[in-house]
Amino acid sequence: MDQKDTEMNEKGVSSSTSGVVVQVREKKGALRAAIPYMPFPVAVICLFLNTFVPGLGTFISAFTVLCGARTDLPDRHMCCVFWLNIAAAFIQIVTAIVMVGWIMSIFWGMDMVILASYREQAAPQQL
């Protein structure tokens, strides 16, 4: 077993015994990164609205950006992120006719709730 570990290390491949930590980061597109980190109750309301009226919750979440909600696009201006969210809502409304927008809208609302739960978990650690 030692010989295999040595061979693997010589080839540049790390073995399980060397203690290497691998970190995976999700690459987000501009629309996905524009989803705001909202308070949990607001995110749940947006999910509920997105479930029954595709794009409505996403449209409302765009205004939380103007109220100071943080996004994963810190280098973009607040108005740009607002319009990205409006574009996402428009895409959801237009494509809801063929069910794609409705499904996208539900997943978008689920992402809002997930991001809100991350925000809630991170808040006590920052204090």
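Q: Helices are DSSP runs of H or I with at least four residues, strands are runs of E with at least two, and both are numbered from the N terminus. How many helices and strands are in the protein?

A: There are six helices and zero strands. From the N terminus on, the order is α-α-α-α-α-α. This is a predicted model: local features need pLDDT of at least 70, side-chain atom pairs count only at pLDDT 80 or more, and totals for chains, interfaces and linings use all residues. Residues are numbered from 1 along each chain as its sequence is written, and side-chain values use heavy atoms, without hydrogens or water.

Q: Which residues does the "transmembrane region" annotation cover?

A: UniProt positions follow the numbering used here, feature names are shortened, and annotations may be inferred rather than shown by experiment. The unreviewed UniProt entry gives residues 42-69 and 81-108. In the model, residues 42-69 are 79% helix and 0% strand, with end C-alpha atoms 11 Å apart. Residues 81-108 are 86% helix and 0% strand, and their end C-alpha atoms lie 15 Å apart.

Q: What share of the residues counts as buried?

A: Buried means under 20% relative accessible area, exposed over 50%, partly exposed in between (1.4 Å probe, protein chains only). Of the 127 residues, 32% count as buried.

Q: Which residues form the largest nonpolar core?

A: A core joins buried Ala, Val, Leu, Ile, Met, Phe, Trp, Tyr and Cys residues through side-chain atoms within 4.5 Å. The largest here has eleven residues, including Ile 35, Tyr 37, Trp 108, Met 112 and Ala 116. Helices H3 and H6 (100-126) each supply at least two of its residues. H6 gives the most, five. Apart from this core lies another, of six residues, among them Ala 33, Val 65, Leu 73 and Leu 84.

Q: What does Ala 116 touch?

A: Contact means heavy atoms within 4.5 Å. Leaving out residues up to four places away in sequence, Ala 116 touches Met 38, Pro 39, Phe 40 and Ala 43.

Q: Which residues form the nonpolar patch on the surface?

A: Such a patch joins nonpolar side chains (Val, Leu, Ile, Met, Phe, Trp, Tyr) within 5 Å, from residues with over 30% relative accessible area and no salt bridge. A salt bridge puts a Lys or Arg side-chain nitrogen within 4 Å of an Asp or Glu carboxyl oxygen. Among the patch members are Phe 48, Phe 52, Phe 59, Phe 63 and Met 78. Together the patch has about 810 Å² of accessible area, by the Shrake-Rupley method with a 1.4 Å probe, only the protein chains shown counting as cover. H4 (56-66) gives the most, five residues.

Q: Why does Phe 52 count as exposed?

A: Phe 52 sits in helix H3. Phe 52 counts as exposed because its relative accessibility is 60%.

Key. Patches are made of residues with over 30% relative accessible area and no salt bridge: like charges are joined within 9 Å, nonpolar side chains (Val, Leu, Ile, Met, Phe, Trp, Tyr) within 5 Å.
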